[in-house]
There are 2 protein chains.
Amino acid sequence: MHVIDYDVLNGYVDEKNFSMLRTELIGLNKVDIAEFLGKLERDIMIRVFRILPKDISAEVFSHLESEDQGDIISSITDTEIKKLIDDLFLDDMVDLVEEVPANLVTRILRNATPETRKLINTYLSYPEESAGSIMTNEMVELHDRLTVKEAINHIRKTGIDKETIYTCYCIDNGRHLIGTVDFADLVFNKSDALIRDIMDEDKQLVYVNTLDDQEKVADIAKKYDLLAVPVVDNEKRLVGMVTIDDIIDIIEEETTEDFEKMAALLPSEDVYLKTPVHILVKNRIGWLLILMISATLTGFIIQSFEDMLAVITGLTAAIPIITGTGGNAGNQSSTLAIRSLALGEIELKDWFKVLFKEIRVAVACGAILGIVNFARMQIMGSAGSMLVYLTVSLAMFFAVVMAKMIGCLLPMLAKLVKIDPAVIAGPVISTLVDSLSLLVYFVIARAFLI
Amino acid sequence: MHVIDYDVLNGYVDEKNFSMLRTELIGLNKVDIAEFLGKLERDIMIRVFRILPKDISAEVFSHLESEDQGDIISSITDTEIKKLIDDLFLDDMVDLVEEVPANLVTRILRNATPETRKLINTYLSYPEESAGSIMTNEMVELHDRLTVKEAINHIRKTGIDKETIYTCYCIDNGRHLIGTVDFADLVFNKSDALIRDIMDEDKQLVYVNTLDDQEKVADIAKKYDLLAVPVVDNEKRLVGMVTIDDIIDIIEEETTEDFEKMAALLPSEDVYLKTPVHILVKNRIGWLLILMISATLTGFIIQSFEDMLAVITGLTAAIPIITGTGGNAGNQSSTLAIRSLALGEIELKDWFKVLFKEIRVAVACGAILGIVNFARMQIMGSAGSMLVYLTVSLAMFFAVVMAKMIGCLLPMLAKLVKIDPAVIAGPVISTLVDSLSLLVYFVIARAFLI
C-alpha cells in the first residue's frame, strides 16, 4: 500500500514552503489529500486548499467534511466559488447545500448558473432519504437510434463531465428510459450495431422512482449487482442516477440506523466525535425514560409477590439470573429475525416456519440451561431448598421458550404494521421479556412452594 | 420496475410447455431467472436449468443458492459440467467448491482443466476471509509500454472473459503491479498516449496483500471509492482483484457478524431458514450458558444483602428498574463505540475524548432519569419511604454514569488487546453492568437506610 509521509508534508507546512507542499500533494490520491487537509488548522487548511491545481481541487473538496467545506466557501472569492461549483458533481453540490449554514447557501446559489440553481432546488424538494434527493443528473444518455460508433464518440465528447460512463441509459424522443447498456457492451460490439439492438430492455430493465426510499435503491443495486441505478419520474422519464459509491454509503447509513434503533438510540447521521453533548443527550434520553418508566411494570410484579420473596430464601437472588437469561435468549432471536428481514432472507409469510424453528431451538436451549442451572445451584450451594432450585430451573426453561417466541414474532409483527422492526427489537422486547419472565417465575414459585 | 409474471411462468411449468417457458425466461434478467429457479421443485428446477441457452446458464448458475447448485452438478453430464466450469468466473468456482459436498467437488475438479484445478487449489489454500480467498484472477492486465490504442485492442480481444474491464492494472515485465488505469481514461486519452503516462502510480496506488483480511479490502474500496481492489503477493506481483459486488457482500457479511456477536450468537454464514435446528442451538447455547453462569455473581450480591432487602420495603421491587436502566444506558454507549470503531470514526487514541464526552452525557442523562424516577415513585405511590425513593434515584444516577463509562471504554479496550469489540459489547457489558449497578444500589441503600 502507498504510505503517506505526513512528517514531510507537515514539515513543509511548518516551513511555509507551499510550493514544495503543492508538488508533494499533487502526486497523492485525492482522498488522501482531503484527509491531510482535514487534519490542518482552519487557516492553513484554506491556504493549502487554494494552492491546489484547479483540476483536482473540486474532487478533493468533495471528499472533505462539511465543516471544512463551509470554512473554505466562506473564505474564497466569488470567482473561485464559481469555478468550484462548475467542477463539482451535482449530487456533491446538493450534499454541500444541505450541510452548510444558510448564509453560505445563499452565496453558493448566487454564484451558480440559473440552471444549476434550479436543479439544486428541485433536488432539495424531494423527501429526505428518497431516490430523488440522492441522485445526480450527470449520467450518459444515449438515443436508441445511435450506432455503437456514434455512441462512443458521443461519450468521448461529453463523458468527461459524467459521474460514470460505465452504465449508459437509453432514451427515446420523449426522454423515457427504454433500456440500459454497459460501456463494455459498446466495446465488444461492432461499431455499426444499433444501440437499440444491444441494450437491455423491457423485463431486464431495473430502475427506481424519484420518490422511492433510498433503501430500495440499495436493495436493487445489491440484488442485480449494478454499478448505478437509474431514477425515473412518474412518466418513466429518466431524471437521474445513483452510483455505487453513494449506494455503499446508503448501506452503511441504514445499517448504522438499525444498530442505533436496536440500542434504543435516536438515529443520527452525525459523526460521534463532532456531535455536541446536548445532541447526544437528546438522542438518548427519550428511550431511556420510556424504558425506565415501563420497567415500573416489573417493579409492580415484584411488589405484589414481595411477601413470598421475603419468606422463601433464595428466590430473590435468582431474579436477575432468570430475567438476564430470558433477555439474552430473546435478544438472539430478535437480532436474527431483524437481520434476516433486512437482508430479505425471511419474509412475513414465513412467520410460522420461523416460529416453529424458534420453538424447537428454544426447547433445546431452555432444557440445557435449566439442567445446567440446577447443577450450578447444587454445586455452589445456593440459598434455598432443592424445591427452590427446581422452581428456578423450570422458570428458566419457560422464560427462554417465551423469550425466543416473542423475540422472533415481535419484529415480524412490527413489520406487518409498518413499524421498523429494529425499533421494537432491543428495547421493547427486553422490557416485555423481563416482565413476563418474572411473572412466569413467581407463578411457578407460588404453585410449587406455597 | 420490471414485473415478472410468475403465474405465466408457473403455468408453462405445469403444462410442461418448456419451449414457451424457455422463450419467456430468455427475456428476463439473470438474477430473476435464478430467483425463479430457486422456487421450483428440485427435479423441475434441474430440467428448466438444462433448457437455458448456454450463454446465460453460467451466469444464472452463479446466482443460485449453493444447495441448488449442488443439485444441478449432481444431475448433469460431465460434458455439461465442463462447459459450465468453463463459463463460470473463477471466484464463483471457488465459492462453489467451498460449498458443495465432497463427492461433487471431486466431480467438478475432474472436469476442470489442469490449470483451473491448480488455481482453485491455490485459492482454497488462502486463510478464510483473506483477500486471497475471495479474489478472482480474471482482471485486465496492461503492460505499461502499450499505447492507449493497443490497450483498447487488447481489451477488445481478451476483455470478454474478464470480470470487469473498467479498472485495468498496469504491470511491468516481472508482473509487478505498478499502476492502475480506469477504462474511462483510455477513452478520453489520445490513442497514441502511453499507458505509463496516463496511469495512477506510486503514491496513488491502492492495493491489498493476499493475506490481508477481507475487512481491509472493503475498507479500502469504501475509502477510495474503487470499483475493484487489486491483490498482490509479498513481492508485489499482481495475483488477483476483488470487485465491488463482492465487496458489498463482504460489508453485509461483516455487519451481520457484528449484529450476531453483539447478540451473543456465534457468527454463521448460513441462511436462517435453511439452518438445521441443532446448528442454531449450537450457535446460541454457548454464550447463553456462559452468561447464565456469570449472572451467578448478581445472585451472590443479592444474597449477601438479602437481610436488608427482606427488612426494607420497596428495595427489591426497584432491582430490575435499576439494572434495566443501567443496561440500556450502557448498551447505547457500547453500540455507538462499536459502530464508530467499525466505521473508523473513532480510533483508540481518541479514548479520552470519548470517555470525557460520555461522562458529560451520562451525568445529564443520569440526572434526568434520577429526577423523573423520584417523581414517578411519588406519583405512583411506590412501596417504601421517601428515603427509599431517594436511594433508588441516586443509585440510578450512579448506575447510568458507570454503565456509560464501561460501555464506551470496554469496546476500545477489547480492540486494544485485539478482541473483537462486538463480542465484548452486548453480552459481557450487560452482565458487568448488572452486577455493578446492584452493588452501587445496595451500598447506597446500606449507607442511607440502615
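At what angle do helix H20 (residues 319-342) of chain A and helix H22 (residues 386-416) of chain A pack, and how far apart are their axes? In this predicted model, the two helices pack at an angle of about 25°, and their axes lie 8 Å apart. Angles under 35 degrees count as roughly parallel, and H20(A) and H22(A) are therefore roughly parallel to each other. The crossing in which H20(A) passes H22(A) is right-handed. By class, the residues of this contact comprise 16 nonpolar, nine polar and two charged.

Helix H7 (residues 78-87) of chain A and helix H9 (residues 102-111) of chain A cross at roughly 75°, and their axes come within 9 Å. Angles of 65 to 115 degrees count as roughly perpendicular, so this description applies to H7(A) and H9(A). On the side of H7(A), the contact is made by A:Asp78, A:Ile81, A:Lys82 and A:Ile85; H9(A) contributes A:Arg107, A:Ile108 and A:Asn111. Three of the residues in the contact of H7(A) with H9(A) are nonpolar, one is polar and three are charged.

At the level of domains, chain A is divided into domain 1 (6-129), domain 2 (134-242) and domain 3 (295-449). The C-alpha centres of domain 1 and domain 2 of chain A are 29 Å apart. Contact between these two domains of chain A involves seven residues of domain 1 and 10 residues of domain 2. The side of domain 1 of chain A that touches domain 2 of chain A consists of five nonpolar and two charged residues, with no polar residues.

The relation between the chains was then considered.

Between the chains, 98 residues of chain B are in contact with 98 residues of chain A. On the side of chain B that touches chain A, helix H20 (residues 319-342) of chain B gives the most, with 14 residues. This side of chain B has 57 nonpolar, 22 polar and 19 charged residues. Of the interface residues of chain B, 100% are also interface residues in chain A, so the copies meet through the same surface.

Definitions and conventions:
Residues numbered from 1 in each chain as written. Chains lettered and ligands numbered in written order. Predicted model: local features only at pLDDT ≥ 70, side-chain atom pairs only at ≥ 80, totals over all residues. Domains from an automatic or database assignment. Nonpolar A, V, L, I, M, F, W, Y, C, P; charged D, E, K, R; others polar. Helix = DSSP H or I, 4+ residues; strand = E, 2+ residues; numbered from the N terminus. Axes fitted to C-alpha atoms, helices over the stretch in contact; angles between N-to-C directions. Parallel < 35°, antiparallel > 145°, perpendicular 65-115°, else oblique. Left-handed = near helix turned anticlockwise from the far one by under 90°.
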